Amino acid sequence: MKTFSLFQLCICSFVAIAVLVACDNNNETPQPSPVTSAGNCPLVLNQGNFYDHIASSIGMIDNSSQTFTDSLFFKANQILPGNTLQDGIAYGSNLYVIAYESNVLFVLDRHTLQLKRQLTVNAPRDIIADNGYVYISNYDGYVTRMDTLMNQSVVQLPVGPNPEEMTIANNTLYVTISDGMNYANNYNDGKQVAKINTTSFTIEKFIPVGINPTRIASDKYGNVFVISMGDYYTLPPMLTLITSDDDTTNIAPASMMAIKEDTLYAIYNETDWNTYQSHNTIFTVNTMTLNRNTREDMQCPQWPLSIAVDPKSDYLYITADANGTYGASYSTAGYVYVYNSAGILLYNCQAGVHPVQLVFR
(Lines give C-alpha, C1' and ligand atoms only; values in the text may rest on other atoms or scores of the structure.)
Protein backbone atom coordinates (compact mmCIF):
# COMPACT_ATOMS: atom_id res chain seq x y z
CA MET A 1 0.00 0.00 0.00
CA LYS A 2 2.25 3.51 -1.53
CA THR A 3 2.48 7.24 -2.24
CA PHE A 4 5.49 8.58 -4.11
CA SER A 5 8.23 9.83 -1.80
CA LEU A 6 11.98 10.24 -1.58
CA PHE A 7 12.16 7.04 0.39
CA GLN A 8 10.73 5.12 -2.55
CA LEU A 9 13.73 6.22 -4.60
CA CYS A 10 16.30 5.16 -2.01
CA ILE A 11 19.31 3.02 -2.86
CA CYS A 12 20.20 1.08 0.26
CA SER A 13 23.61 -0.49 0.50
CA PHE A 14 24.51 -1.34 4.06
CA VAL A 15 23.58 -4.43 6.05
CA ALA A 16 21.11 -3.95 8.89
CA ILE A 17 21.84 -6.02 11.97
CA ALA A 18 19.07 -8.35 13.09
CA VAL A 19 17.49 -7.00 16.25
CA LEU A 20 14.79 -8.00 18.65
CA VAL A 21 12.88 -5.08 20.15
CA ALA A 22 10.59 -5.22 23.16
CA CYS A 23 7.35 -3.27 22.81
CA ASP A 24 5.99 -0.53 25.01
CA ASN A 25 3.95 -2.59 27.44
CA ASN A 26 6.44 -5.42 27.84
CA ASN A 27 9.39 -4.77 30.16
CA GLU A 28 10.99 -8.19 29.80
CA THR A 29 13.19 -9.09 26.86
CA PRO A 30 11.50 -12.03 25.14
CA GLN A 31 13.16 -14.60 22.91
CA PRO A 32 12.95 -14.03 19.15
CA SER A 33 10.31 -15.88 17.18
CA PRO A 34 11.49 -18.26 14.47
CA VAL A 35 11.18 -17.13 10.87
CA THR A 36 8.87 -20.05 10.23
CA SER A 37 6.25 -18.78 12.70
CA ALA A 38 3.57 -17.54 10.32
CA GLY A 39 0.47 -17.47 12.51
CA ASN A 40 -0.09 -14.10 14.17
CA CYS A 41 3.25 -12.92 12.76
CA PRO A 42 2.95 -10.48 9.85
CA LEU A 43 6.06 -9.47 7.94
CA VAL A 44 7.09 -5.82 7.77
CA LEU A 45 8.80 -4.39 4.68
CA ASN A 46 11.16 -1.58 5.67
CA GLN A 47 12.58 0.67 2.95
CA GLY A 48 15.49 2.06 4.98
CA ASN A 49 17.20 5.38 4.21
CA PHE A 50 19.72 5.86 1.41
CA TYR A 51 21.17 9.13 2.71
CA ASP A 52 22.18 7.53 6.00
CA HIS A 53 23.20 4.27 4.33
CA ILE A 54 20.53 2.18 6.04
CA ALA A 55 19.48 -0.86 4.08
CA SER A 56 16.02 -2.13 3.29
CA SER A 57 14.97 -5.07 5.43
CA ILE A 58 12.22 -7.56 6.09
CA GLY A 59 11.20 -8.03 9.70
CA MET A 60 8.43 -9.78 11.59
CA ILE A 61 6.01 -8.87 14.35
CA ASP A 62 5.08 -11.57 16.86
CA ASN A 63 1.82 -10.62 18.53
CA SER A 64 2.16 -13.40 21.09
CA SER A 65 5.34 -11.93 22.57
CA GLN A 66 4.72 -8.39 21.24
CA THR A 67 8.17 -8.20 19.71
CA PHE A 68 9.73 -7.27 16.39
CA THR A 69 12.66 -9.10 14.78
CA ASP A 70 14.40 -7.40 11.86
CA SER A 71 16.64 -8.48 8.94
CA LEU A 72 15.09 -11.91 8.49
CA PHE A 73 15.70 -11.90 4.73
CA PHE A 74 19.38 -11.26 5.28
CA LYS A 75 19.61 -13.95 7.96
CA ALA A 76 17.97 -16.48 5.63
CA ASN A 77 19.96 -15.62 2.48
CA GLN A 78 23.06 -13.59 3.45
CA ILE A 79 22.14 -10.93 0.90
CA LEU A 80 20.11 -7.73 1.15
CA PRO A 81 16.51 -7.64 -0.09
CA GLY A 82 17.11 -5.11 -2.85
CA ASN A 83 16.83 -1.34 -2.75
CA THR A 84 13.52 0.26 -1.82
CA LEU A 85 11.23 -2.60 -0.92
CA GLN A 86 7.79 -1.81 -2.27
CA ASP A 87 5.27 -4.60 -1.79
CA GLY A 88 4.84 -8.30 -1.18
CA ILE A 89 2.25 -11.04 -1.23
CA ALA A 90 2.04 -14.61 0.03
CA TYR A 91 0.55 -16.96 -2.56
CA GLY A 92 0.69 -20.73 -2.59
CA SER A 93 3.96 -21.93 -1.08
CA ASN A 94 5.78 -18.74 -2.08
CA LEU A 95 6.26 -15.21 -0.89
CA TYR A 96 6.71 -12.67 -3.70
CA VAL A 97 8.49 -9.41 -2.83
CA ILE A 98 9.37 -6.52 -5.14
CA ALA A 99 12.07 -3.86 -4.78
CA TYR A 100 11.43 -0.73 -6.82
CA GLU A 101 14.88 0.76 -7.24
CA SER A 102 16.57 -2.62 -7.73
CA ASN A 103 14.06 -3.63 -10.43
CA VAL A 104 13.73 -7.07 -8.88
CA LEU A 105 11.17 -9.68 -7.91
CA PHE A 106 12.22 -12.07 -5.16
CA VAL A 107 10.50 -15.45 -5.00
CA LEU A 108 10.90 -16.75 -1.45
CA ASP A 109 9.77 -19.72 0.56
CA ARG A 110 6.62 -18.54 2.27
CA HIS A 111 7.70 -19.67 5.72
CA THR A 112 11.50 -19.66 5.82
CA LEU A 113 12.10 -16.67 3.49
CA GLN A 114 14.80 -18.61 1.69
CA LEU A 115 15.37 -17.30 -1.82
CA LYS A 116 14.12 -19.54 -4.63
CA ARG A 117 14.42 -17.24 -7.62
CA GLN A 118 15.34 -13.65 -8.40
CA LEU A 119 13.82 -12.09 -11.52
CA THR A 120 14.33 -8.71 -13.17
CA VAL A 121 11.20 -6.56 -13.45
CA ASN A 122 11.20 -2.92 -14.38
CA ALA A 123 10.20 -0.31 -11.76
CA PRO A 124 7.78 -2.56 -9.82
CA ARG A 125 5.19 -0.69 -7.74
CA ASP A 126 2.57 -3.21 -6.68
CA ILE A 127 2.10 -6.98 -6.77
CA ILE A 128 -0.98 -9.17 -6.63
CA ALA A 129 -1.69 -12.84 -7.35
CA ASP A 130 -4.75 -14.71 -8.56
CA ASN A 131 -5.68 -17.91 -10.40
CA GLY A 132 -2.10 -19.07 -10.87
CA TYR A 133 -0.71 -15.73 -12.03
CA VAL A 134 1.34 -12.98 -10.46
CA TYR A 135 0.64 -9.42 -11.63
CA ILE A 136 3.09 -6.55 -11.17
CA SER A 137 2.41 -2.91 -11.97
CA ASN A 138 5.44 -1.25 -13.58
CA TYR A 139 5.86 2.47 -13.06
CA ASP A 140 7.05 2.88 -16.65
CA GLY A 141 3.50 2.24 -17.88
CA TYR A 142 2.87 -1.51 -17.94
CA VAL A 143 1.35 -4.39 -16.02
CA THR A 144 3.40 -7.59 -16.10
CA ARG A 145 1.80 -11.03 -15.83
CA MET A 146 3.68 -14.27 -15.23
CA ASP A 147 2.55 -17.69 -14.14
CA THR A 148 3.57 -18.81 -10.69
CA LEU A 149 5.61 -21.70 -12.09
CA MET A 150 7.71 -19.11 -13.94
CA ASN A 151 7.95 -21.43 -16.95
CA GLN A 152 6.04 -19.38 -19.50
CA SER A 153 6.84 -16.17 -21.31
CA VAL A 154 6.25 -13.01 -19.35
CA VAL A 155 3.45 -10.90 -20.82
CA GLN A 156 3.37 -7.13 -20.53
CA LEU A 157 0.32 -4.96 -21.12
CA PRO A 158 0.66 -1.18 -21.64
CA VAL A 159 -1.84 0.58 -19.38
CA GLY A 160 -0.82 4.24 -19.12
CA PRO A 161 1.62 6.46 -17.25
CA ASN A 162 2.74 5.50 -13.75
CA PRO A 163 0.36 2.73 -12.69
CA GLU A 164 0.23 2.15 -8.96
CA GLU A 165 -1.89 -0.27 -6.92
CA MET A 166 -4.07 -3.11 -8.21
CA THR A 167 -6.96 -5.24 -7.02
CA ILE A 168 -8.88 -8.18 -8.46
CA ALA A 169 -12.66 -8.40 -8.23
CA ASN A 170 -15.21 -10.25 -10.33
CA ASN A 171 -12.46 -11.88 -12.44
CA THR A 172 -11.27 -8.42 -13.38
CA LEU A 173 -7.99 -6.68 -12.63
CA TYR A 174 -8.31 -3.00 -11.69
CA VAL A 175 -5.18 -0.82 -11.92
CA THR A 176 -4.86 2.80 -10.81
CA ILE A 177 -3.25 4.99 -13.49
CA SER A 178 -1.79 7.91 -11.55
CA ASP A 179 0.43 9.80 -14.03
CA GLY A 180 2.18 10.56 -10.76
CA MET A 181 5.35 11.98 -12.31
CA ASN A 182 3.37 14.52 -14.31
CA TYR A 183 2.44 16.72 -11.34
CA ALA A 184 3.54 19.86 -13.23
CA ASN A 185 0.66 19.25 -15.63
CA ASN A 186 -1.87 18.34 -12.96
CA TYR A 187 -1.52 14.58 -13.57
CA ASN A 188 -3.24 15.15 -16.89
CA ASP A 189 -2.93 11.62 -18.27
CA GLY A 190 -3.89 9.86 -15.06
CA LYS A 191 -7.30 10.30 -13.43
CA GLN A 192 -8.44 6.80 -14.36
CA VAL A 193 -8.53 3.14 -13.45
CA ALA A 194 -7.76 0.50 -16.07
CA LYS A 195 -10.24 -2.38 -16.09
CA ILE A 196 -8.48 -5.49 -17.41
CA ASN A 197 -10.02 -8.83 -18.41
CA THR A 198 -7.88 -11.45 -16.65
CA THR A 199 -8.77 -14.18 -19.14
CA SER A 200 -7.68 -12.34 -22.28
CA PHE A 201 -5.33 -9.96 -20.43
CA THR A 202 -6.69 -7.02 -22.39
CA ILE A 203 -8.06 -3.65 -21.29
CA GLU A 204 -11.84 -3.54 -21.36
CA LYS A 205 -12.12 0.15 -20.56
CA PHE A 206 -10.79 3.05 -18.52
CA ILE A 207 -12.94 4.28 -15.63
CA PRO A 208 -12.59 8.02 -14.88
CA VAL A 209 -11.81 8.88 -11.26
CA GLY A 210 -10.15 11.77 -9.44
CA ILE A 211 -6.69 13.25 -9.80
CA ASN A 212 -3.72 10.99 -9.10
CA PRO A 213 -5.45 7.68 -8.25
CA THR A 214 -3.03 5.56 -6.25
CA ARG A 215 -4.63 3.21 -3.74
CA ILE A 216 -7.21 0.59 -4.63
CA ALA A 217 -8.82 -2.36 -2.82
CA SER A 218 -11.89 -4.57 -3.03
CA ASP A 219 -14.08 -6.41 -0.56
CA LYS A 220 -15.20 -10.04 -0.62
CA TYR A 221 -18.37 -9.08 -2.50
CA GLY A 222 -16.50 -7.53 -5.42
CA ASN A 223 -16.99 -3.87 -4.52
CA VAL A 224 -13.99 -1.80 -5.63
CA PHE A 225 -12.72 1.29 -3.82
CA VAL A 226 -10.06 3.72 -5.02
CA ILE A 227 -8.32 6.67 -3.38
CA SER A 228 -7.32 9.52 -5.67
CA MET A 229 -4.58 11.39 -3.84
CA GLY A 230 -5.35 14.86 -5.24
CA ASP A 231 -2.57 17.39 -5.75
CA TYR A 232 -1.22 17.28 -2.15
CA TYR A 233 -1.97 21.00 -1.77
CA THR A 234 -5.45 22.33 -2.48
CA LEU A 235 -7.28 19.23 -3.69
CA PRO A 236 -7.73 16.63 -0.93
CA PRO A 237 -7.57 12.87 -1.51
CA MET A 238 -10.93 11.22 -2.13
CA LEU A 239 -12.26 7.72 -1.46
CA THR A 240 -14.49 6.56 -4.31
CA LEU A 241 -16.61 3.48 -4.95
CA ILE A 242 -16.52 1.97 -8.43
CA THR A 243 -19.90 0.32 -8.89
CA SER A 244 -20.60 -2.92 -10.74
CA ASP A 245 -21.68 -0.94 -13.80
CA ASP A 246 -18.47 1.13 -13.68
CA ASP A 247 -20.07 4.28 -12.33
CA THR A 248 -18.32 6.09 -9.48
CA THR A 249 -19.59 7.41 -6.17
CA ASN A 250 -17.45 9.65 -3.95
CA ILE A 251 -17.62 8.69 -0.27
CA ALA A 252 -15.30 10.87 1.80
CA PRO A 253 -11.77 12.32 1.88
CA ALA A 254 -9.27 9.57 2.72
CA SER A 255 -5.51 9.09 2.41
CA MET A 256 -5.14 5.35 2.99
CA MET A 257 -7.35 2.31 3.51
CA ALA A 258 -7.56 -1.39 4.24
CA ILE A 259 -10.51 -3.74 3.74
CA LYS A 260 -11.58 -6.91 5.49
CA GLU A 261 -14.80 -8.61 4.39
CA ASP A 262 -17.40 -5.78 4.41
CA THR A 263 -15.51 -3.25 6.55
CA LEU A 264 -13.22 -0.59 5.11
CA TYR A 265 -10.82 1.11 7.53
CA ALA A 266 -9.63 4.53 6.39
CA ILE A 267 -7.38 7.36 7.56
CA TYR A 268 -7.66 10.90 6.30
CA ASN A 269 -4.47 12.82 7.03
CA GLU A 270 -4.74 16.63 6.90
CA THR A 271 -1.58 18.70 7.26
CA ASP A 272 -1.13 22.44 7.65
CA TRP A 273 2.18 22.97 5.85
CA ASN A 274 2.56 26.40 7.42
CA THR A 275 2.68 24.98 10.93
CA TYR A 276 3.48 21.32 10.11
CA GLN A 277 0.58 20.26 12.29
CA SER A 278 -1.17 17.10 11.21
CA HIS A 279 -4.64 15.85 12.03
CA ASN A 280 -5.97 12.37 11.33
CA THR A 281 -9.57 11.34 10.95
CA ILE A 282 -10.08 7.58 11.25
CA PHE A 283 -13.32 6.06 10.08
CA THR A 284 -14.87 2.81 8.93
CA VAL A 285 -17.21 2.28 5.99
CA ASN A 286 -19.64 -0.58 5.53
CA THR A 287 -18.80 -1.58 1.97
CA MET A 288 -22.36 -2.73 1.27
CA THR A 289 -24.34 0.20 2.70
CA LEU A 290 -21.59 2.86 2.56
CA ASN A 291 -22.52 3.91 6.09
CA ARG A 292 -19.60 5.68 7.79
CA ASN A 293 -18.54 5.64 11.40
CA THR A 294 -15.90 8.13 12.57
CA ARG A 295 -13.65 6.68 15.25
CA GLU A 296 -12.87 9.56 17.58
CA ASP A 297 -11.66 7.10 20.22
CA MET A 298 -9.05 5.38 18.06
CA GLN A 299 -5.48 6.45 18.73
CA CYS A 300 -3.29 7.07 15.71
CA PRO A 301 0.29 8.28 15.14
CA GLN A 302 0.50 11.83 13.82
CA TRP A 303 2.17 10.84 10.54
CA PRO A 304 0.94 7.36 9.52
CA LEU A 305 2.57 5.56 6.60
CA SER A 306 0.15 2.71 5.98
CA ILE A 307 -2.81 0.83 7.36
CA ALA A 308 -3.36 -2.92 7.04
CA VAL A 309 -5.78 -5.50 8.39
CA ASP A 310 -5.04 -9.19 8.86
CA PRO A 311 -7.47 -11.25 6.74
CA LYS A 312 -7.31 -14.17 9.17
CA SER A 313 -7.35 -12.49 12.57
CA ASP A 314 -8.78 -9.51 14.41
CA TYR A 315 -5.60 -7.44 14.21
CA LEU A 316 -5.38 -4.02 12.57
CA TYR A 317 -2.03 -2.29 11.98
CA ILE A 318 -0.82 1.26 11.33
CA THR A 319 2.83 1.97 10.52
CA ALA A 320 4.68 5.24 11.07
CA ASP A 321 8.12 6.80 10.82
CA ALA A 322 10.04 7.66 14.01
CA ASN A 323 7.05 7.11 16.29
CA GLY A 324 4.85 9.16 13.97
CA THR A 325 6.24 12.63 14.71
CA TYR A 326 7.12 15.17 12.02
CA GLY A 327 10.73 16.28 11.79
CA ALA A 328 12.11 13.32 13.71
CA SER A 329 15.04 11.46 12.24
CA TYR A 330 14.05 9.19 9.37
CA SER A 331 17.13 7.14 10.13
CA THR A 332 15.72 5.77 13.35
CA ALA A 333 13.36 2.87 13.87
CA GLY A 334 9.80 3.26 12.69
CA TYR A 335 6.83 1.94 14.63
CA VAL A 336 3.93 -0.40 14.14
CA TYR A 337 0.74 0.21 16.09
CA VAL A 338 -1.36 -2.89 16.71
CA TYR A 339 -5.13 -2.72 17.33
CA ASN A 340 -7.94 -5.19 17.76
CA SER A 341 -10.93 -5.22 15.41
CA ALA A 342 -12.73 -2.73 17.64
CA GLY A 343 -9.96 -0.20 17.07
CA ILE A 344 -8.51 -0.42 20.57
CA LEU A 345 -4.73 0.04 20.66
CA LEU A 346 -3.15 -3.10 22.10
CA TYR A 347 0.48 -2.02 21.91
CA ASN A 348 3.02 -0.33 19.66
CA CYS A 349 6.36 -1.76 18.69
CA GLN A 350 9.54 -0.56 17.02
CA ALA A 351 10.10 -1.77 13.47
CA GLY A 352 12.77 -1.11 10.86
CA VAL A 353 13.47 2.23 9.20
CA HIS A 354 10.51 3.49 7.14
CA PRO A 355 8.10 0.54 7.47
CA VAL A 356 5.90 0.86 4.40
CA GLN A 357 4.03 -2.41 4.08
CA LEU A 358 2.78 -5.42 6.01
CA VAL A 359 2.53 -8.85 4.42
CA PHE A 360 0.33 -11.56 5.91
CA ARG A 361 1.26 -15.23 5.45
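Me: In the hairpin of strand 6 and strand 7, which residue takes a positive phi?
Reply: Asn-103 does, with a phi near 55°, in a hairpin that has four residues between the strands. Strands here are DSSP runs of E with at least two residues, numbered from the N terminus, and two strands pair if DSSP finds at least two bridges between them. This is a predicted model, in which local features need pLDDT of at least 70 and side-chain atom pairs count only at pLDDT 80 or more, while totals for chains, interfaces and linings use all residues. Residues are numbered from 1 along each chain as its sequence is written, and side-chain values use heavy atoms, with hydrogens and water left out.

Me: How many bridges join strand 6 to strand 7?
Reply: Six bridges join strand 6 (residues 94-99) to strand 7, and the two run antiparallel, with Ile-98 standing opposite Leu-105 in strand 7.

Me: And what about strand 7 and strand 8, how do they pair?
Reply: Strand 7 and strand 8 (residues 115-120) pair in the antiparallel sense over five bridges, and Val-107 stands opposite Arg-117 in strand 8. Their hairpin has five residues between the strands, and there Leu-113 takes a positive phi near 70°.

Me: Why is strand 7 described as largely enclosed?
Reply: Five of the six residues of strand 7 (residues 104-109) are buried, so the rest of the structure largely encloses this strand. Buried means under 20% relative accessible area, exposed means over 50%, and partly exposed lies in between, using a 1.4 Å probe and protein chains only.

Me: Is Tyr-135 buried or exposed?
Reply: Tyr-135 counts as buried, at 1% relative accessibility, whereas Tyr-133 is partly exposed at 24%.

Me: What sits over the face of Tyr-139?
Reply: Arg-125 does, at 4.1 Å from the ring centre. A charge sits over a ring if NZ of Lys or CZ of Arg is within 6 Å of the ring centre and within 35 degrees of the ring normal. In another case, Arg-292 lies over the face of Phe-283, at 6.0 Å from the ring centre.

Me: Where does Phe-283 lie, then?
Reply: Phe-283 lies in strand 23 (residues 277-286) and counts as buried at 2% relative accessibility. Leaving aside its neighbours within four places in sequence, Phe-283 is in contact (heavy atoms within 4.5 Å) with residues including Leu-239, Ala-252, Tyr-265 and Arg-292. Ala-252 is 31 residues from Phe-283 along the chain, and their C-alpha atoms are separated by 9.8 Å.
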